[in-house]
Amino acid sequence: MMADAIVELRSVERHYQQGTKRLTILNGADFALRRGEIVALVAPSGAGKSTLLHTAGLLERPDAGDVVLAGRACGRLSDEDRTAIRRNDIGFVYQFHHLLPEFSAIENIMMPQLVRGLAVKEARDRAAQLLDYMKIGKRAEHRPSELSGGEQQRVAIARAVANAPLVLLADEPTGNLDPVTAGYVFEALEALVRQSGLAALIATHNHELAGRMDRRVTLADGKIVDF
Ligand code: ADP
């Protein structure tokens with residue numbers, strides 16, 4: 001085992017049944033994401049990026065092999081245990097922000113903390129701090145519909161790390177933004193990861209952004225390989 005690995009995939013297999021066809025997406029996939037690093041996941045559409053992120057993030061179970069989070073084997077845990085680990089230790093960001101439209105930016109970031117049982121004041125202070133890190137402190141009281149696409153994604157990233165997870169998993173977080181905005185949002189995400197000692201795995205089609213990350217991996221024959 002890697003000493004400083006936050007997330008490890010060990011010989012993971014993932015297959016889907018599509019009609020009479022058996023689709024093999026992950027086939028003996030090994031991977032380690034270390035503390036403090038930002039890794040780009042670059043592969044064509046349909047290659048299995050979402051499958052990999054969902055498996056690493058305990059949303060899907062591996063058909064074989066195991067996912068190890070901070071040294072703890074999670075493959076065979078109950079759904080209840082997996083949900084609890086997801087809530088506390090894993091942050092997700094998607095291409096579309098999925099913010100709650102009726103709530104302000106700061107309330108959206110407070111929400112997961114309140115669900116976890118934090119007091120309102122603590123949750124609000126943490127949310128305000130995260131908005132500042134993401135350089136949108138002035139937008140705290142705005143609803144998602146009043147924010148630009150880049151601002152919405154910044155709020156979504158802040159929400160994903162609100163409970164100080166071990167790892168941030170992002171599925172094309174800037175895929176819906178123009179290149180310049182994407183660059184700024186990535187810059188803010190990077191600053192957040194660096195200052196918090198988080199680890200991040202980020203699926204992206206943007207080669208310029210991928211080039212700014214610590215290393216790049218892709219999927220080949222069901223395996224995760226550096227490139
Ligand atoms: P990517 O994120 O790289 O676009 P996905 O992980 O979403 O790729 O999908 C990889 C392949 O697995 C695709 O061919 C997709 O159709 C298939 N797939 C994904 N989820 C399922 C599922 N629940 N059932 C059947 N096939 C699936």
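Let's start with one word: when I say two residues touch, or are in contact, I mean heavy atoms within 4.5 Å. Take Leu-168 with that in mind. Leaving out residues up to four places away in sequence, Leu-168 touches Gly-91, Val-93, Ala-160, Val-161, Leu-189, Leu-198, Ala-199, Ala-200 and Leu-201.

Quick housekeeping. This is a predicted model, so local features need pLDDT of at least 70 and side-chain atom pairs count only at pLDDT 80 or more, while totals for chains, interfaces and linings use all residues. Residues are numbered from 1 along each chain as its sequence is written, and side-chain values use heavy atoms, with hydrogens and water left out.

Okay, the inside of the protein. Buried means under 20% relative accessible area, exposed means over 50%, and partly exposed is in between, using a 1.4 Å probe and protein chains only. A nonpolar core is a set of buried Ala, Val, Leu, Ile, Met, Phe, Trp, Tyr and Cys residues joined through side-chain atoms within 4.5 Å. The largest one here has 40 residues, and Leu-168 is among those with the most contacts inside it, along with Ile-109, Leu-131, Val-155 and Ile-202. By the way, helices (H or I, at least four residues) and strands (E, at least two) are DSSP runs, numbered from the N terminus.

While we're on α6, look at Val-185, which sits in that helix. Val-185 counts as buried because its relative accessible area is 1%. Val-185 and Arg-154 are 31 residues apart in sequence, yet 6.4 Å apart in space, C-alpha to C-alpha. Arg-154 is also one of the residues that Val-185 touches, and so are Gly-150 and Ile-157.

Now the ligand. A residue is near it if one of its heavy atoms lies within 4 Å. Among the residues around the ligand are Tyr-16, Gln-18, Pro-44, Gly-46, Lys-49 and Thr-51. Which element gives the largest share of that shell? It's α1, with 3 residues. By class, the shell has 5 nonpolar, 6 polar and 1 charged residues. For that count, Ala, Val, Leu, Ile, Met, Phe, Trp, Tyr, Cys and Pro are nonpolar, Asp, Glu, Lys and Arg are charged, and the others, Gly among them, are polar.

Zoom in on the ligand's oxygen atoms. One is 2.6 Å from an N or O atom in the side chain of Thr-51, and for Ser-50 the side-chain distance is 2.8 Å. At Ala-47 a backbone N or O atom lies 3.3 Å from a ligand oxygen.

Staying with α1, 6 of its 8 residues are buried, including Lys-49, Thr-51 and Leu-52. Just after α1, Leu-58 takes a positive phi of about 65°.

Last stop: Glu-60, in the loop between α1 (49–56) and β4 (64–69). Is Glu-60 buried or exposed? Buried, because its relative accessibility is 15%. The residues Glu-60 touches include Tyr-16, Thr-51, His-54 and Arg-82. The Glu-60 side chain also makes a polar contact with the side chain of Arg-14, at 2.7 Å. A polar contact is a pair of N or O atoms within 3.5 Å; within protein, one must be able to donate a hydrogen and the other to accept it, and residues adjacent in sequence count only if both atoms are side-chain atoms.
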